[in-house]
Amino acid sequence: MSDRSDAIVLFGASGDLAKKMLFPALVQLARDDLLPGRVIGVAASDWDDAELREYARQSIVEYGDGDPDSPAAIRLLSVLSYLRGDYRRSDTFVHLSERLDGAELPLLYLAVPPSLFASVVAGVVGVGLHEHSRLVVEKPFGRDLDGARQLNKTVLASFPEEAVFRIDHYLGKEEVLDLLVFRLANTVLEPVWNRNYIDSVQITMSESFGVDGRGRFYEEVGALRDVVQNHLLQVLSLVAMEPPIAADARALRDEKVKVLRAVRALEPSDLVRGQFTGYRDEEGVAGDSDVETYVALRLSIDSWRWAGVPFYIRTGKHLPVTATEVLIEFKQPPQMFFADADAPPHPNHLLFRLKPGEQVTLGMQINEAGEQLRSRNIDLTYEYSQEHEGPRQLAYARLFQEAMDGEQRLFARADGVEAAWRIVDRVLTEHPPAHAYGQGTWGPPAADDLITCDGGWHN
Ligand code: NDP
């Protein structure tokens, strides 16, 4: 018996996530000859195999490479089948179990509303499928620390942690993994990667668009739950963790959890919340909603490496640009002999732009041409597109592939999820009210008071 899953079950195959992300990812797997022999979609719609295949074709046209007749797409459609059933009924799982007869380590993918996670797990356990399956759980992992603990308990009552794959698709993104490699593959960085040389760290995820008609969903979530607790704290952990003793799942996740546990739990004075004007007019949004579409945070890490270095996280909708960046700002040299007294030089910095147009920039000082010895700023930039041809691997394709191999490096561990919720738990409910900010601005001006490093926010 190999360790590879030879079947995928998509709970929620007729849903939004399947259409936007999962079918395009499965086509990439087919292209790379990594598709398992069976992909079974299970959902409530009164569909047959042909209707699910049509849904997958539409997905490829709208969200994939656009060609539903490519050899890879045809391969996917040929292994795709549909099982209609209600997750709250045991017969659904009896039929599923029959369909999975002989399958090795099937990957059970929960692309379903969180309220149904427990029903699906109970159904799977009812027919004994949990004994030889892997479980992929989509975000959100609960709505707060208590909810996350409860969900972990539910899942771990039937599945061993080694069989659970909690998706934070950010961890499957090549840009995010590039950051990890850059940090750990360059010896010159380690001696300066600490409180002695680094002044501050800023992580920004800005979006120039709004809630895209998903006001009802967003009302239940807000920026803190939607992207900070998961994606942006994952990025922070990659920047701040100690170098692991190996690149395997256990060593990497041990270090990530350790640093998350060292992050001080946020207090209300550590954040500024904002809401873009017009949000309350969105469909499904309360007229007096206080849900944040913007949040800026100041985090402290109580560790030997980072004590006293502020980490800032900022995210928002309807900001001027769509971009995700990590800025590592170094301290100024102790004496600045060559600086222009009227214009202090920008301190050295490393800027990882994850999106758009992935690049890494090292900001340095050089001598300006002319008679005077005077330093000026220059940027040394590497653009990843220089060496990449064609589309990069989709995050979900990478995650499918790793989960099918039983490789957990890129998935969140139970204790990691809880460690991240612990950081934000108090301010989910105890927080200052959201300030209004205009669409196309960088959020509420109050956020400028939160950031104390020279130069303020990097816009
Ligand atoms: P949808 O509401 O679009 O899809 C839900 C799916 O579950 C549908 O296939 C639906 O079947 C099925 N379903 C619901 N209730 C039942 C039931 N009682 N019995 C059988 N099938 C049922 O949700 P999304 O695809 O948007 O989200 C799924 C998960 O992915 C959620 O956990 C979400 O948080 C997460 N996620 C979603 C993202 C997105 O972009 N959409 C992004 C990141 C995470 P049918 O339609 O046939 O009734």
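Let's start in the sheet. Valine 326 stands opposite phenylalanine 352 in β12. Keep in mind that this is a predicted model.

Strand β11, residues 323-330, runs antiparallel to strand β12, residues 349-355. Six bridges join β11 and β12.

Now the other partner of β11. Strand β7, residues 198-206, also pairs with β11, again in the antiparallel sense. Here there are eight bridges.

On to the helices. Take α4, residues 90-99, and α5, residues 117-126. Their axes lie 9 Å apart, and the packing angle is about 55°. The crossing of the two helices is right-handed.

Who touches whom? From α4 come Ser90, Thr92 and Phe93. From α5 come Gly123, Val124 and Gly126. By class, that contact has two nonpolar and four polar residues, and no charged ones.

Last, the ligand. How many residues surround the ligand? The count is 21. The closest are Gly15, Asp16, Leu17, Ala44 and Ser45. Which helix gives the most to this shell? Helix α1, residues 16-31, does, with three residues. As for the make-up of the shell, 11 residues are nonpolar, four are polar and six are charged.

Terms used. Residues are numbered from 1 along each chain as its sequence is written. This is a predicted model: local features need pLDDT of at least 70, side-chain atom pairs count only at pLDDT 80 or more; totals for chains, interfaces and linings use all residues. A residue is near a molecule or strand if its C-beta atom, placed from the backbone, lies within 6 Å of it. Helices (H or I, at least four residues) and strands (E, at least two) are DSSP runs, numbered from the N terminus. Ala, Val, Leu, Ile, Met, Phe, Trp, Tyr, Cys and Pro count as nonpolar, Asp, Glu, Lys and Arg as charged, and the others, Gly among them, as polar. Two strands pair if DSSP finds at least two bridges between them. Axes are lines fitted to C-alpha atoms, for helices over the stretch in contact, and angles run from 0 to 180 degrees between N-to-C directions. A crossing is left-handed if the near helix is turned anticlockwise from the far one by less than a right angle, and right-handed if clockwise. Two residues are in contact if their C-beta atoms, placed from the backbone, lie within 7 Å.
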